[in-house]
Structure formats: C-alpha cells, structure tokens
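Work through the following exercises with the coordinates open, and compare each step with the solution that follows it.

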Amino acid sequence: MAQNPVEKTPVTMLGLGAMGTALTRTWLAAGHPLTVWNRTPARTPARAAALATEGARVADTAAEAVAANTLIVLCLLDDTSVDEVLAGTDLADRDLVNLTTTTPAQARARAEWAGERGARYLDGGIMAVPPMIGVPETGGYVFYSGSRELFERHQETLSIPAGTTYVGEDAGFAALHDVALLSAMYGMFAGAAHAFALIRKEDIDPAALAPLLADWLVAMAPAVHQTADQLRSGDYTKGVVSNLAMQVAGTPTFLSTAEQQGVSPELLSPYFELMRRRLAEGSGEEDLTGVIDLLVN
C-alpha cells in the first residue's frame, strides 16, 4: 500500500519583491502550498502570474491571504508598509514571521502589536541576497528572534529557503544582529574604497590589487575573536601584538600618503581620531578594543 506523502505546511507570503519572490519559489519547489499577495500588483503582474503557473494561489487582498493560512511571512519595504498591509486583517491565532528590514525597536514594538491582536510573532533578518535563496552552498541564512516555541514549530519550513540562526526571545535581536553584521560590512567596504582610491591615479591594475586586498581582509578577520574575548574579560591588553600607542604613532603615514595621492582621508580620519582620544586617556598598552567604549559612551 502506498504511503501518503508528508503534508507540507501551507505558507502565505505578503510581498513579491525580488526577495519575496525568491522565497516563494523555493517553498513552491519544496512542495509547500503557497498563497501570495503583493501590495503593488500593477508593478508586478507578470511576477504574480508566473508564480501562479508554478502553483501559487494569488489572493486579491491581504486580508484574504492572511485568512488562507496560519503561517504568514511578510517581506515588505519597511515597518510602515507592514502597518498598511495588515490594517484591518484578522490576525487572531496567526503565526507572523516578519522578514521586513526594521530596527530593533520597531521589531520589539511589532511583536507587542502582534500579541495584542492575538498573533504569535517572529522577527527575521535576512543575511542573503535573492540569488542566494534556495542555494545552500552560498551560505545565506536568516536570523530569527522572538518566540522560541514558534521558531521551533516552523524551523523545518523556514530552513528551506536559507539557513536559520535563532538569536533569542527578544524580538529585536534578529534586527540587531542583522544591522551589526551589515555595519561591519560597510566599514570593510569603506576601507576597500580608500585602498582603491590610493592607487586610482597610478599605473596599477585594480584587478591586480583585488586578490591581495581580499586575502588581507580574510587574514585580518579572525581579529574579531580577540576583540570579543577582550570585551568579555574586560582586559584590553590581553594578547596584544600591536598596541594602541604604536598604531596611533603610525597614523600620520596613512594620512600623508592619502594627501600625496590626492585622496580624501574622510573614511579613515574619524577612526584615527577615536584612536587618539583613547590613547589620551592613558591606554597605550591596549588593543584597539577601547575605541568601542568611546562609541558606546
């Protein structure tokens, strides 16, 4: 006798931008029943039509889409969009998974808002771009925070488009982790931009510098573990190789080189100024970790 296939959790997707569409396609490919709705249908009729041919049910309204399933995934423009889309919908006994990019404070407020309407809530921060969705080898994943019970209930479904990393009951933690990692990314981009600017007017092929730069950044990346260890212990001199005093002494070379190359130092100067301030407090034997306290205070 043939066995019945395991029933897949039905999902409602609100938002069919590039990311929402990628998520939807991955769930459809895995056999999950999908109900979809987009707040700007006039802009994406072909996208909705394509998803319909792949098996998705296209709802006429957000309320209809929410009513169709218990698990509701939102991937919208911003927190205001979430308000607009869910206004007037019945959220009682619904599991809301909000993958819209928001601040930690907005995520916490949204969790409270959902609870007042009888819904359970998870917030998410997507650490991937649409082409990485459904492709495990790319390493994309999503931070989740909020109800642990809700996360565990839907983890199998949520892990289909990308890996899952649960970071705590505080609904704001997913957004906080997301912004923390992306902030570090932009700092890296800033350093790379300065490096390329330094050679811009020289007879140096940027394509030749790129692998050297990439390898150097990879080699320096493990330093974050020492920073974390120093922050946890409170001992900023632990394991120091190049202390703050020595590094501050070297900063004029970087600034002079930038000036000689006709490059603005504006990407480096704020960090160098923080280093000098920390040194002025008499912390020359430390690592660079003390700069963090200046930012927080």
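**Exercise 1. Determine which ring Arg 110 lies over, and at what distance from the ring centre.**

Solution. The test for a charge over a ring asks that NZ of Lys or CZ of Arg be within 6 Å of the ring centre and within 35 degrees of the ring normal. Arg 110 lies over the face of Trp 113, and the distance to the ring centre is 4.5 Å. Before going further, note that this is a predicted model, in which local features need pLDDT of at least 70 and side-chain atom pairs count only at pLDDT 80 or more, whereas totals for chains, interfaces and linings use all residues. Residues are numbered from 1 along each chain as its sequence is written, and side-chain values use heavy atoms, with hydrogens and water left out.

**Exercise 2. Find how many aromatic pairs there are, and classify the pair of Tyr 144 and Phe 151.**

Solution. Begin with the rule: rings of Phe, Tyr and Trp (its six-membered ring) pair if their centres lie within 6.5 Å, and planes under 30 degrees apart count as stacked, over 60 as edge-to-face and the rest as tilted. By this rule there are 5 aromatic pairs. For Tyr 144 and Phe 151 the ring centres are 5.7 Å apart and the planes stand at 40 degrees, so this pair is tilted.

Next, consider accessibility, where buried means under 20% relative accessible area, exposed over 50%, and partly exposed in between (1.4 Å probe, protein chains only). Tyr 144 is buried because its relative accessibility is 2%, and Phe 151, at 5%, is buried as well. Finally, ring pairs join Tyr 144, Phe 151 and Tyr 166 into a cluster.

**Exercise 3. Classify the ring pair of Tyr 186 and Phe 189, and state where Phe 189 is found.**

Solution. The pair of Tyr 186 and Phe 189 is edge-to-face, with 6.0 Å from centre to centre and 85 degrees between the planes. Helices (H or I, at least four residues) and strands (E, at least two) are DSSP runs, numbered from the N terminus, and Phe 189 is found in helix α7. Because Tyr 186 and Phe 189 are 3 residues apart in α7 (residues 173-199), about one helical turn separates them. Tyr 186 is exposed, having a relative accessible area of 55%, whereas Phe 189, at 42%, is partly exposed.

**Exercise 4. Describe how α7 packs with helix α8 (residues 206-220), giving the angle and the distance between the axes.**

Solution. Axes are lines fitted to C-alpha atoms, for helices over the stretch in contact, and angles run from 0 to 180 degrees between N-to-C directions. On this basis α7 and α8 pack at about 145 degrees, with their axes 11 Å apart. As to handedness, a crossing is left-handed if the near helix is turned anticlockwise from the far one by less than a right angle, and right-handed if clockwise; the crossing of α7 and α8 is right-handed.

Contact means heavy atoms within 4.5 Å. On the α7 side the contact is made by Met 188, Ala 192, Ala 195, Phe 196 and Ile 199, and on the α8 side by Pro 206, Leu 209, Ala 210, Leu 213 and Leu 217. For the classes, Ala, Val, Leu, Ile, Met, Phe, Trp, Tyr, Cys and Pro count as nonpolar, Asp, Glu, Lys and Arg as charged, and the others, Gly among them, as polar. The contact of α7 with α8 then has 10 nonpolar residues, no polar and no charged.

**Exercise 5. Repeat the analysis for helix α10 (residues 244-260) and helix α11 (residues 269-280).**

Solution. The axes of α10 and α11 come within 10 Å and cross at roughly 145 degrees, and the crossing is left-handed. Residues of α10 in the contact include Val 248, Phe 254 and Leu 255, which meet α11 residues including Phe 272, Met 275 and Leu 279. By class, the contact of α10 with α11 has 8 nonpolar, 3 polar and 2 charged residues.
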